[in-house]
Amino acid sequence: MPATYEPIATTTLVANTSTITFSSIPSTYTDLKIVAILIGRSTVSPQPSLRFNGDTATNYSQSTVRGTGSAYQNSNEASVNYMNVAEGGVLSSTIPSLVEADIFSYRGSTYKAALGRFSNDLNGSGIVTNSVGVWRSTAAITSVSIFDCNGNSTAFAIGSVVTLYGIKAA
Amino acid sequence: MANTYTLISSTTLASANGTVTISSIPSTYSDLIIAISARMGSGSGTSPYAVNITINGDGASNYSRTPLFTETGVVYSLRTANAANVLVEKALAGPDQTANSFSNIQVYLPGYTSSSSKPFFISAGNSHALAQNDGRNGIHACLWRNSATISSITFATAGNTMAAGSSFYVYGIKNS
C-alpha cells in the first residue's frame, strides 16, 4: 500500500521564536495537517494562528466554538489577517498545549478551508476549541506559518514541536 | 518515503468485558491515534455510560480535562482537575439503546514519549442515541501530568461491561 500520510517537515524549537514557517511545501499531496505541541512564555500571552504563503492581507476569516470549563462560547472573525486556531485561549509556559489544523485541497484553485482544534487544558484552567477558517485565495499553498497573532516577538518557547504532514488521497 | 501511519494494535472484544488495556506500546513513534467503536454490553444506571481512561496504570491525581459537548440540544462545558483518570461521560450507548449502533471515540495523543506533561484531544459521540434524546457529542481537551513515556492505556467502564464487537485500534505516527 502506498504511503498516504507522510511527515513533510518537523521543527523543534531550540530558541524562543515568534514564527515557525514551513516553506517549499511539495504539491504532491491532497491535504495538509499540522500538529503542534506548543509551550508559551510566561511574560506573554501567545495565541497560535496561521498564515499561508506569507499573505498578511485581510483575506482570512474563522468561526470558533469554545469551552471554557464553565461556559460555551462562540465567536466569528471576518476579514482579518490571520487564521486564529486558538481563539480565546493562551499558551502556558509550564504545560504544553496541542494545536491541530487540517488544511484541505491546498493545491486547489478555490478558497482554502481549514479545521483547527486547540487542546489547552491546564489542570484547573484553559479551554478547548474547534474552529473552521477560510483563506480567500485561489493560489496553491506553498508555505504555512504559525505565529502569535498577539504580536509577541518571541511567543513560542524552546521545546515546542511542530510537524507538517502531507496526506494523499491516492 | 515510508508510511508513517501504522497500525500498532487492534483489539475486538469476543465477549463482553469491562476493561481493555493496550499495553507494550512501542516508543518508536511520535504520536498515537486511538480509534474506538464501542457500546455497553451491560450496565446499571442511566444510559449512555462513561468510559474511564488511565495511562501507564497511573491512578494518582494527575489527570485533568476541559470538554465542550452538546446534549439534548444544549451546549455545555465543564472542568475536572487533579483527577485519577480522564472520565468521558455518556460516551458509550447502553444496552437499552438502539441495537447494533456503536459509539465512536477518537483519541489524538501527540508527543507520547516526551518528558513533559502530555496534552491530548478526544472526540466522542453517540449520535445514534439522539433518538432517545440523550445522546452526546463532545470534544475534550485533556492533560496527563506525567513525564513518563506512555506504554499502556486502559479503557474501563466502572462496574459494567463493553459489548462483544467493541473495537480498539491504535495507530502510531512518525514525524520523521
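An open sheet of eight strands in chain A has the order β1-β12-β3-β8-β9-β10-β5-β6, with antiparallel pairing, where two strands count as paired if DSSP finds at least two bridges between them, and where strands are DSSP runs of E with at least two residues and helices runs of H or I with at least four, numbered from the N terminus. The structure is a predicted model, in which local features need pLDDT of at least 70 and side-chain atom pairs count only at pLDDT 80 or more, while totals for chains, interfaces and linings use all residues. Residues are numbered from 1 along each chain as its sequence is written, and chains are lettered from A and ligands numbered from 1 in the order in which they are written.

**The sheet of chain A**

- Strands of a sheet pair through backbone hydrogen bonds, either parallel or antiparallel.
- Within chain A, strand β3 (residues 31-38) and strand β12 (residues 161-167) pair in the antiparallel sense over seven bridges, and Leu32(A) stands opposite Gly166(A) in β12(A).

**Overall build of the two chains**

- Chain A has zero helices and twelve strands, and its radius of gyration of 15 Å is close to the 15 Å that the globule rule gives for 170 residues, so chain A is as compact as a globular protein of that length; the radius is taken over C-alpha atoms, and the rule is 2.2 Å times the number of residues to the power 0.38.
- Chain B has zero helices and 15 strands, and its radius of gyration of 16 Å agrees with the value near 16 Å that a compact globule of 176 residues would have.
- The C-alpha atoms of chain A fill a box of roughly 45 × 35 × 30 Å along the principal axes, and the C-alpha trace of chain B spans about 45 × 35 × 30 Å along its own.
- Buried residues make up 49% of the 170 residues in chain A and 46% of the 176 residues in chain B, where a residue is buried if 20 or more other C-beta atoms, placed from the backbone, lie within 10 Å of its own, exposed if 12 or fewer do, and partly exposed in between.
- Among contacts with a separation of 6 or more, residues 24 or more positions apart account for 76% in chain A and for 79% in chain B, a contact being a pair of residues whose C-beta atoms, placed from the backbone, lie within 7 Å.

**The interface**

- On the side of chain B, 35 residues are in contact with 32 residues of chain A.
- The elements of chain B that give two or more residues to this side are β6 (63-71), β7 (74-77), β8 (80-83), β10 (103-110), β11 (118-125) and β12 (136-144).
- The residues on the side of chain B that touches chain A divide into 18 nonpolar, twelve polar and five charged, with Ala, Val, Leu, Ile, Met, Phe, Trp, Tyr, Cys and Pro counted as nonpolar, Asp, Glu, Lys and Arg as charged, and the others, Gly among them, as polar.

**Individual residues**

- Arg136(B), in strand β12 of chain B, is buried, with 22 other C-beta atoms within 10 Å.
- Leaving out residues up to four places away in sequence, Arg136(B) touches Pro48(B), Phe69(B), Glu71(B), Lys90(B), Gly125(B) and Asn126(B); the C-alpha atoms of Arg136(B) and Lys90(B), 46 residues apart along the chain, are separated by 6.5 Å.
- Ser105(A) has a positive phi of about 45° although it is not a glycine; Ser105(A) lies in the loop between β8 (97-103) and β9 (112-119) of chain A and is partly exposed, with 16 other C-beta atoms within 10 Å.
- Ser24(B), also not a glycine, has a positive phi near 55°; Ser24(B) sits in the loop between β2 (19-22) and β3 (31-38) of chain B and counts as exposed, with 9 C-beta neighbours inside 10 Å.

**Confidence**

- The mean pLDDT of chain B is 90, and 91% of its residues reach 70 or more, pLDDT being the predictor's confidence in each residue, from 0 to 100.
- In chain B, confidence is lowest in strand β4 (residues 40-42), at a mean of 87, and highest in β8(B), at 98.
- For the complex, the predictor gives an ipTM of 0.92 and a pTM of 0.93.

Notes
Contact = placed C-beta atoms within 7 Å.
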